[in-house]
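I opened the viewer today and kept a few notes as I clicked around. Here is what I looked up, in order.

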Amino acid sequence: MPEADEAHLRAWAAANRGVEMFVEPRTTVTDATAVMVAADGSWTRRRIGGPEGARKLARSLRIPVYDVQIVGYPQRMRDHDARERVLRERCRRDDLER
């Protein structure tokens, strides 16, 4: 796992509450990644060097880790993204009215 990615994930986990990790598989385009999701639904994604790297990091952070292909993404993550879209659209409209 790249040091900068690990440092980002560690800092993000420390700064957020109720963090869980969801491991995404490697694809033809991207390396394996981990998505960390906080209790409020905010999230971050970084490369993790494979499932074993994710499990090792999750153990060291004492957070749960899941395979996203088995459990999917948590609803709170989708709800957070929907709220953010509404806020961005509201800001865009406010800018147009000025």
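**Entry 1: T33**

I began at T33, where the side chain makes a polar contact with the side chain of E24 at 2.4 Å. For me a polar contact is a pair of N or O atoms within 3.5 Å; within protein, one must be able to donate a hydrogen and the other to accept it, and residues adjacent in sequence count only if both atoms are side-chain atoms.

Ground rules before going on: this is a predicted model, so local features need pLDDT of at least 70 and side-chain atom pairs count only at pLDDT 80 or more, while totals for chains, interfaces and linings use all residues. I number residues from 1 along each chain as its sequence is written, and side-chain values use heavy atoms, with hydrogens and water left out.

T33 sits in strand 2, residues 33-37. Strands (E, at least two residues) and helices (H or I, at least four) are DSSP runs numbered from the N terminus. T33 counts as buried because its relative accessibility is 10%; the cut-offs are under 20% relative accessible area for buried, over 50% for exposed and partly exposed in between, with a 1.4 Å probe and protein chains only. I also listed its contacts, meaning heavy atoms within 4.5 Å. Leaving aside neighbours within four places in sequence, T33 touches F22, V23, E24, R45, R46, R47 and I48.

**Entry 2: the rest of strand 2**

Which way do the side chains of strand 2 point? T33, V35 and V37 go one way, A34 and M36 go the other, and all are buried. With 5 of its 5 residues buried, strand 2 is therefore largely enclosed by the rest of the structure.

Next I checked pairing, which needs at least two DSSP bridges between two strands. Strand 1 (residues 20-24) runs antiparallel to strand 2, joined by 5 bridges, and E20 has V37 as its bridge partner in strand 2. Strand 3 (residues 43-47) also pairs with strand 2 in the antiparallel sense, over 5 bridges. There I found T33 opposite R47 and M36 opposite T44. The hairpin of strand 2 and strand 3 has 5 residues between the strands, and G41 takes a positive phi near 95° in it.

**Entry 3: D5**

R47 came up again when I looked at D5: a polar contact of 2.9 Å joins their side chains. D5 is in helix 1, residues 3-15. Is D5 buried or exposed? D5 counts as buried, because its relative accessibility is 9%. Not counting residues up to four places away in sequence, D5 touches R46 and R47.

V68 is in helix 3, residues 68-71, and at 10% relative accessibility V68 counts as buried. Beyond its neighbours within four places, V68 is in contact with F22, V23, E24, P25 and Y73.

Last stop was Y66, in strand 4, residues 65-67. Y66 is partly exposed, with a relative accessible area of 31%.
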